[in-house]
4 protein chains.
Amino acid sequence: MRVKTTEYFDKIPGAPEPVSFEIKRRVSFNEVDIMGIAWYGQYAIYFEQAQTELGRRCGLSFNDFYVSGVRAPIVKFHIDYYQPLQLDEEFTVKASYLWSEGAKINIEYAIIKGDGSIATRGYTVQMFIDGKNNQPYIVSPEILENLRKRWKNGEFKCLK
Amino acid sequence: MRVKTTEYFDKIPGAPEPVSFEIKRRVSFNEVDIMGIAWYGQYAIYFEQAQTELGRRCGLSFNDFYVSGVRAPIVKFHIDYYQPLQLDEEFTVKASYLWSEGAKINIEYAIIKGDGSIATRGYTVQMFIDGKNNQPYIVSPEILENLRKRWKNGEFKCLK
Amino acid sequence: MRVKTTEYFDKIPGAPEPVSFEIKRRVSFNEVDIMGIAWYGQYAIYFEQAQTELGRRCGLSFNDFYVSGVRAPIVKFHIDYYQPLQLDEEFTVKASYLWSEGAKINIEYAIIKGDGSIATRGYTVQMFIDGKNNQPYIVSPEILENLRKRWKNGEFKCLK
Amino acid sequence: MRVKTTEYFDKIPGAPEPVSFEIKRRVSFNEVDIMGIAWYGQYAIYFEQAQTELGRRCGLSFNDFYVSGVRAPIVKFHIDYYQPLQLDEEFTVKASYLWSEGAKINIEYAIIKGDGSIATRGYTVQMFIDGKNNQPYIVSPEILENLRKRWKNGEFKCLK
């Protein structure tokens, strides 16, 4: 199957580069199905593990949002599966923040095999809810606006 | 959030109507996150449970494919989340085969709350692999072609 | 393998009979391992689903405890596996409250195959934590004491 | 709650020392319940991840058994929970083979918090099934007997 090379979101002229983080792991026994490959619903966990490590390094963890009174639920989730992952196979999960201007966070994911080929690509979109009144944010919350300023100035460096 | 009313796949003129099945269940304790709502990755299980019951009634279960030497991996998975599901909430999952003509199966899903509003919509696309040589099918396997004939003749009635 | 017929907890002379509830379900695709049988860690979900339905009918649901300011964490969990469950197999999960006198809840579980044989047995023990100060209860909380009075009087009838 | 210090299995006089391996990880978002602590059924995954790494280093992986025609299903699983694990908390999982002489594998597990205190202890017992005829082994399979010889001679060194 051909590997998709375009990204999922429109490119915004002059937007800063994506900010990424990668984790490495293996396919566990409990994650494979009767055919010995990672079950399709398992990938949400793979994506979330990379996204969590990215968020921790960038000031956008669940706890960072919680402390600033914001919830950031996922409203859209998509995966394209190109190649299966076998039991015990080692792979890399890359999660990348893509620049956007609305009241949302766009993240793209790629799962990369040991030979460098893409096994899976996908994305999530998160919106924002006020933790006190459960109302959606129309404009971006302060925690995100501050980040975007730093990002635009080239100061959005996530800790390695 | 506005509920999406269009379907995910192009409508084919003259195509037979979708074939659907619904299951009812509740949100279990182990399925909710720290906010007390179903975790976003959990929905693959909800979808699969409805799809399994649909497949069992229509002759397209995992075992039906297995016996005919075909594997049908999911190659695309998408969810739109409109409203959360709370711990212990009762809901309906509807899975529907949509008519298509290529070597693939398109299924749409909807999760419906007790008040009839849509919580979630999504879809999966499956392709076909030969169980013996792991090669993809270019044309639809026999098990699917037989079904399509019956479907077109209005004889694709799934057992309730 | 021989089916264990004794129970896990000491019998207390004069104790009221166990109170039980049963659910029926099938083994889902995502629950089986590479050998096509339910993965051993999956059984906590099977047990919890039966225990949740039992609790709902008996006034001991998560929400009943929550409203009365009590948390009831599991402190002990045990399973004996006698026979595997196959993909798609129908089975019954029975959860039973066993009478006890300390500040704890003892539940026994059995998974029963279509032919009536036992696939799995197990138990959980729950203790009580005060929701305000996170301190363990030395004596049973009121919600449990009230139940035990009704249980002893033969009035602990759970709704079917 | 007091930490249990005895082991789960009888000590056999003259038995070689346990062989252990430890992994480090964090509690992921999808693993916590509505109280923000790791759900009790999640621990089977924690145990299995440590057991898998132990098995890989010692020649007792799923694949090692598979190649030698043996299945090693878990027939007994037990956990004692002493302290909860919080969202994002770092912890260590230690899995240890204990010497035994029957046709079985006994493994003990401990989950250790950052301050060195024990969060959880547990064990699994595995038996052996012939992959061809599904009959249980009465005596230990060759793959295990070979290991025990090396273990007794102090040559059962698992790769770090």
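Helices here are DSSP runs of H or I of at least four residues, strands are E runs of at least two, and both are numbered from the N terminus. The model is predicted; local features need pLDDT of at least 70, side-chain atom pairs count only at pLDDT 80 or more, and totals for chains, interfaces and linings use all residues. Residues are numbered from 1 along each chain as its sequence is written, with chains lettered from A and ligands numbered from 1 in the order in which they are written.

I checked the length of α1(B), residues 43–58. Its 16 residues should span 22 Å at 1.5 Å a residue (the expected span is 1.5 Å times one less than the number of residues). The end C-alpha atoms are 22 Å apart, which agrees.

Next I listed its buried residues (20 or more other C-beta atoms within 10 Å; exposed is 12 or fewer, partly exposed in between; C-beta atoms are placed from the backbone). Among them are Tyr43(B), Phe47(B), Glu48(B) and Leu54(B). Their cover includes α1 (43–58) of chain A and, from chain B, β1, β3, β4, β5 and β6.

Then I looked up Glu89(A). It sits in the loop between β3 (74–81) and β4 (90–98) of chain A. Is Glu89(A) buried or partly exposed? Glu89(A) is partly exposed, because 16 other C-beta atoms lie within 10 Å. Leaving aside neighbours within four places in sequence, Glu89(A) is in contact (C-beta atoms, placed from the backbone, within 7 Å) with Arg26(A) and Val27(A). Ile105(A) is 16 residues from Glu89(A) in sequence and 30 Å away in space, C-alpha to C-alpha.

Key:
Two residues are in contact if their C-beta atoms, placed from the backbone, lie within 7 Å.
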